[in-house]
There are 4 protein chains.
Amino acid sequence: MQITILTTGGTIEKTYNEHDGLLRNYHTILPRMLETLRLSDLEITYEQVVFKDSLEMTRDDRRCILEATQRALPHSDAVVILHGTDTLEKTGELLYKELCDLTIPVILTGAMRPYEFRDTDSLQNVTEALLAARLVAPGIYAVMHNRVLRFPGVIKDSDCLTFTKP
Amino acid sequence: MQITILTTGGTIEKTYNEHDGLLRNYHTILPRMLETLRLSDLEITYEQVVFKDSLEMTRDDRRCILEATQRALPHSDAVVILHGTDTLEKTGELLYKELCDLTIPVILTGAMRPYEFRDTDSLQNVTEALLAARLVAPGIYAVMHNRVLRFPGVIKDSDCLTFTKP
Amino acid sequence: MQITILTTGGTIEKTYNEHDGLLRNYHTILPRMLETLRLSDLEITYEQVVFKDSLEMTRDDRRCILEATQRALPHSDAVVILHGTDTLEKTGELLYKELCDLTIPVILTGAMRPYEFRDTDSLQNVTEALLAARLVAPGIYAVMHNRVLRFPGVIKDSDCLTFTKP
Amino acid sequence: MQITILTTGGTIEKTYNEHDGLLRNYHTILPRMLETLRLSDLEITYEQVVFKDSLEMTRDDRRCILEATQRALPHSDAVVILHGTDTLEKTGELLYKELCDLTIPVILTGAMRPYEFRDTDSLQNVTEALLAARLVAPGIYAVMHNRVLRFPGVIKDSDCLTFTKP
């Protein structure tokens, strides 16, 4: 099974810089994260599309994510997008609007706590996204915290620190 | 969503005894494991049915697992069974034969490396089993290492240290 | 053996807030950290003196640390101070100047990477500080990264991200 | 500072074999363990002398450890020996009897729980042994769990799972 993972930064990929004490999107941690999972049936390719806090994402950035997804569709069985949670719903709605006649699932995920932290939820979420990639019907989804939510209408619940569909 | 988890021991729940240096099925680690996952939508109840290395499981033990599963069916949306990998396929085939007209999924999972180890695959597998519980059709499954395999016919691939369906 | 630990915040005790994504000195992680070490011979009491990034420490804050140390001296076999690394040397020099006729060691330590991170150096440094507390002569020290440096004259080497004594 | 580490196996270096489910002394984990510590001032060389559960150590094995220690003395500032805890005291007493006129410390350490476990004490013990290597007078020591115990007369306290000197 062929999976394309698009990384865009966000909390999940923030890392700590010991020189200035800042937690930022410096470089992808995706290969390190994937090494800790057992995924022998998946052929994963990944691409870093943009790389920033999702609060700083512009319309152009979201356009880039859309285009990278479109390029990945023909040769992927599923596309997984790592995304900051603050504007994940905006990107999800854009993909929903622009990608008609999808024949594979496109799954957005992220984390409330960066991968480098001991108590991160990133491994749970990426594990879930990669399993949902096998099981769900074509469409745009947010997958996180044992929830599988189909766009449109997915929103971040900032009090509960997760996603929901009212 | 109401999940019943039946624990039966096996590698996933082996723990280390510092007094005698043995790695055995002393007590369940399920509550500790679940605390590290974010599962706010699930109501999980669990029951320790038998608790041993699955190589030592008798016909009676497998009968107990079958009966515990039958008792759980009416009030569960899915049943997840933690099981030793060495005879997981035997229990799976028994459940397949005895549980006709299932209306919910019954998912067997386990681990190649116990939960207490740094590089365990148990969190990945339990995360996957709990997500598959939401997504798959009624039936008996082995879920592990990003694989979702439906009984009958699932076997352990001892060379590759995972499950497969030839 | 009676150890007093004074916590003052700094990198070692920064924790992540999932609501605003900030890494700050919210609350001490000392009890959680100590639980992971085997220290059955030590009787540890701890006090939170100030709690901030050490770049924001005022003269008054350092005065508070000095006074807390003075209060601890009579009933301690050693005092360990958790401190931000950016101004650890300032506090060390103040303690050196003000605490004459010491009869026990006073040991400053901290971390380049907060305790909550997977690859933190905090456990190494606290382990070392607590062992040095048993072994070194009375005096003021910085202990970190397998280095035991006696004040005066200790400085942070910002390139190498550790302490040194030129 | 030049440190020689002699590895001899024991609990600290037991690893899990997923094929047969056994926890044994297969290969040293010392390089992996050292990578997680910040030790830029130490030049560490290591040698695997014997490699087994210390309950299986013969008189000849202990002789090998003695000879490896003697070979290391001239070019080391300290020797650290990783050893199973069950017979660590026997090896310590032998070294004490045979190594007169020591000019450097020789430090035995180990662990109650193997390095590969999440809650291992091995990192604490190795960190302590490497700091004690800087600070103690020439002699033979057991260093573990914030204790620095000088031979002769060190024994394992099997109830408390640590070393003591009655």
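**Cavities, sheets and an interface**

Me: Hi! What volume does the largest cavity have?

Reply: The largest cavity has a volume of about 40 Å³. Keep in mind that this is a predicted model.

Me: Good to know. How many cavities of 30 Å³ or more does the count come to?

Reply: Two cavities of 30 Å³ or more turn up. The volume of the second largest cavity is about 30 Å³.

Me: Which residues line the largest cavity?

Reply: Its lining is made up of A:G10, A:T11, A:K14, A:D53, A:S54, A:G84, A:T85 and A:D86. By class, the lining of the largest cavity has no nonpolar, five polar and three charged residues.

Me: And which ones line the second largest cavity?

Reply: Around the second largest cavity you'll find B:G10, B:T11, B:K14, B:D53, B:S54, B:G84, B:T85 and B:D86. That lining divides into no nonpolar, five polar and three charged residues.

Me: Thanks! Changing topic: what is the strand order in the open sheet of chain A?

Reply: Chain A has an open sheet of six strands in the order β4-β1-β5-β6-β7-β8, and the pairing is mixed. At its edges are β4 (43-52) and β8 (147-150) of chain A, each pairing on one side only. From one strand to the next, the twist averages 20°.

Me: Do β1 and β5 of chain A run parallel or antiparallel, and how many bridges join them?

Reply: They run parallel, with five bridges joining β1 (residues 2-9) and β5 (residues 78-82) of chain A. To pick out one pair, A:T4 has A:V79 in β5(A) as its bridge partner. Helix α2 (residues 59-72) of chain A packs on the sheet and touches β1, β4, β5 and β6 (105-109) of chain A. The direction of helix α2 of chain A makes about 165° with that of β4(A).

Me: Nice. Over to chain D: what is the strand order there?

Reply: In chain D, an open sheet of six strands runs β4-β1-β5-β6-β7-β8, with mixed pairing.

Me: Why is one side of β4 and of β8 in chain D left without a neighbour in the sheet?

Reply: Because β4 (43-52) and β8 (147-150) of chain D stand at the edges, each has a single partner strand.

Me: Which way do β7 and β8 of chain D run, parallel or antiparallel?

Reply: Antiparallel, with four bridges joining β7 (residues 139-144) of chain D to β8(D). Within β8(D), D:R150 stands opposite D:Y141.

Me: Which strands does helix α4 of chain D lie across?

Reply: Helix α4 (residues 122-135) of chain D lies across β1, β5, β6 and β7 of chain D, at about 170° to β6(D). Helix α2 (residues 59-72) of chain D lies across β1 (2-9), β4, β5 (78-82) and β6 (105-109) of chain D, and runs at about 165° to β4(D).

Me: What about chains A and B: how many residues are in contact?

Reply: 23 residues of chain A contact 23 residues of chain B. About 2100 Å² is buried between chain A and chain B, and carbon and sulfur atoms give 54% of that area. A:R38, A:L131 and A:N146 supply 37% of what chain A buries against chain B, more than any other three residues.

Technical notes
Residues are numbered from 1 along each chain as its sequence is written. Chains are lettered from A and ligands numbered from 1 in the order in which they are written. This is a predicted model: local features need pLDDT of at least 70, side-chain atom pairs count only at pLDDT 80 or more; totals for chains, interfaces and linings use all residues. Side-chain values use heavy atoms; hydrogens and water are left out. On a 1 Å grid over the protein atoms alone, a cavity is a set of points where a 1.4 Å probe fits but cannot get out, and a pocket is an open set with protein on both sides within 12 Å along at least five of seven lines; lining residues have an atom within 4 Å of a point. Grid points are joined across faces, edges and corners, and a volume is the space filled by probe spheres set on the points. Ala, Val, Leu, Ile, Met, Phe, Trp, Tyr, Cys and Pro count as nonpolar, Asp, Glu, Lys and Arg as charged, and the others, Gly among them, as polar. Two strands pair if DSSP finds at least two bridges between them. Helices (H or I, at least four residues) and strands (E, at least two) are DSSP runs, numbered from the N terminus. Contact means heavy atoms within 4.5 Å. Axes are lines fitted to C-alpha atoms, for helices over the stretch in contact, and angles run from 0 to 180 degrees between N-to-C directions. Buried area is the accessible area (1.4 Å probe) that two parts lose on being put together, summed over both.
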